[in-house]
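Subject: Structure handover

Hello,

Here is the structure I promised you. Please open it first, then read my notes below.

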Amino acid sequence: MHPTTDNRPALLLAMGPGVDERLLTADHHARLTRLAHTDPRLVAHDLTAPGPRVAAALAEAEILFTCWGATPLTAEVLDRAPRLRAVVHAAGSVKHHITDACWERGLRVTSAAAANALPVAEYTLAAILLAGKRVLRSAQRYAELRTDHAWLEESTTWGNYRRTIGIVGASRIGRRVVELLRPFDVEILLYDPYVTTPPPGVELVGLDDLCARSTVVSVHAPQLPSTYRMIGPAQLAAMPDGTTLINTARGSLVDEAALLPHLVTGRLQAILDVTDPELPPADSPLYTLPNVLLTPHVAGSLGNELHRMADQALEEVARYGRGEPFAEEVRASDLQRSA
């Protein structure tokens with residue numbers, strides 16, 4: 001028999017304990033082994049002090065397949081991976097584990113941020129439509145009254161027809177939300193200091209103008225020093241009575257101390273999937289205010305949505321094996337404007 005050449009790259013899984021079990025199905029494992037030399041049962045949870053099997057696999061790895069909880073790839077870690085050429089991240093942001101040392105060594109990096117953007121955008125679309133229908137208010141009133149009521153008289157300012165929706169940040173998620181809103185009869189405003197030409201049918205405005213004109217303000221900017229508390233006292237005061245603030249980005253983008261008085265009085269409503277701190281104190285009014293919907297950072301991929309991220313990451317492994325560019329390559333310059 002003539003010998004065959006196997007050009008599959010060596011690959012090591014590196015992520016937090018238990019993440020691989022939720023991320024990868026049996027079909028994913030099978031495809032992974034077709035695409036790369038790897039043991040899908042060997043998962044590196046800690047690359048700073050790896051055991052013998054992980055150390056041996058790391059020394060041979062050409063690709064690290066990472067997800068949540070991956071070890072930061074410092075120079076010391078990379079010294080143990082002399083053959084490493086690429087990091088395929090099966091999740092969104094790479095900021096927590098891709099260090100300057102990765103760029104200095106010329107590693108190629110890709111992420112499944114596009115796959116993770118879709119469920120966040122879907123959550124946001126649902127939140128926008130529910131906000132327009134005043135679902136929080138009507139559910140509370142229905143539970144209080146438990147009888148026939150003149151809902152048409154009370155709901156004269158409710159509804160989504162020609163509502164003005166303000167999108168803060170033309171991130172992947174922000175742009176997805178804009179696309180998902182296209183079938184609906186709404187006006188869309190966009191604030192993003194890096195955008196000069198807005199998408200068709202979208203009006204580019206300043207942040208204060210957006211807050212003053214919108215009945216729903218949805219935050220999708222990245223967490224950067226320049227975006228810290230970008231929704232502050234002036235922006236909150238500019239919002240008309242009854243405006244709903246939606247935050248699925250990062251809690252630090254909203255000044256919650258300034259927001260709380262507007263919520264306590266009932267002047268504004270809020271749908272918050274992220275807060276600052278991430279877990280509000282046990283006595284926080286956010287848990288009990290009737291005009292606040294507080295969810296525990298679930299807008300992003302969870303449950304079977306993780307499999308979408310795995311699918312995208314495996315497509316990138318396949319491209320690497322064929323010698324093709326990554327479809328969703330991340331560059332060092334991208335991180336200056338992204339989450």
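Which residue in S4 is the bridge partner of isoleucine 63? It is alanine 86.

Before more detail, some ground rules. This is a predicted model, where local features need pLDDT of at least 70, side-chain atom pairs count only at pLDDT 80 or more, and totals for chains, interfaces and linings use all residues. Residues are numbered from 1 along each chain as its sequence is written, and side-chain values use heavy atoms, with hydrogens and water left out.

**The sheet**

Helices (H or I, at least four residues) and strands (E, at least two) are DSSP runs, numbered from the N terminus. Two strands pair if DSSP finds at least two bridges between them. Six strands form an open sheet in the order S2-S1-S3-S4-S5-S13, and the pairing is mixed. Its edge strands are S2 (43–44) and S13 (329–330), each pairing on one side only.

S3 (residues 63–66) and S4 (residues 86–89) run parallel, joined by four bridges. S1 and S3 also run parallel, again with four bridges. There, leucine 12 is opposite leucine 64 of S3. S1 and S2 are parallel too, with two bridges. Alanine 14 is opposite alanine 44 of S2.

Now look at the side chains of S1. Leu11 and Leu13 point one way, Leu12 and Ala14 the other, and all are buried. Buried means under 20% relative accessible area, with a 1.4 Å probe and protein chains only.

**The helix pair**

The axes of H2 (residues 26–35) and H13 (residues 306–321) come within 10 Å and cross at roughly 10 degrees. Therefore H2 is roughly parallel to H13, a label for angles under 35 degrees. Axes are lines fitted to C-alpha atoms, for helices over the stretch in contact, and angles run from 0 to 180 degrees between N-to-C directions.

Contact means heavy atoms within 4.5 Å. From H2, His28, Arg31, Leu32 and Leu35 meet residues of H13 including His307, Ala310 and Leu314. H13 also lies across S1, S3, S4, S5 and S13, at about 175 degrees to S3.

**The cores**

A nonpolar core is a set of buried Ala, Val, Leu, Ile, Met, Phe, Trp, Tyr and Cys residues joined through side-chain atoms within 4.5 Å. The largest has 27 residues, and Ile231 and Leu245 touch the most other members. A second, separate core of 26 residues includes Leu13, Val43, Val88 and Ala310.

Best wishes

Conventions: Angles under 35 degrees count as roughly parallel, over 145 as roughly antiparallel, 65 to 115 as roughly perpendicular and the rest as oblique. Buried means under 20% relative accessible area, exposed over 50%, partly exposed in between (1.4 Å probe, protein chains only).
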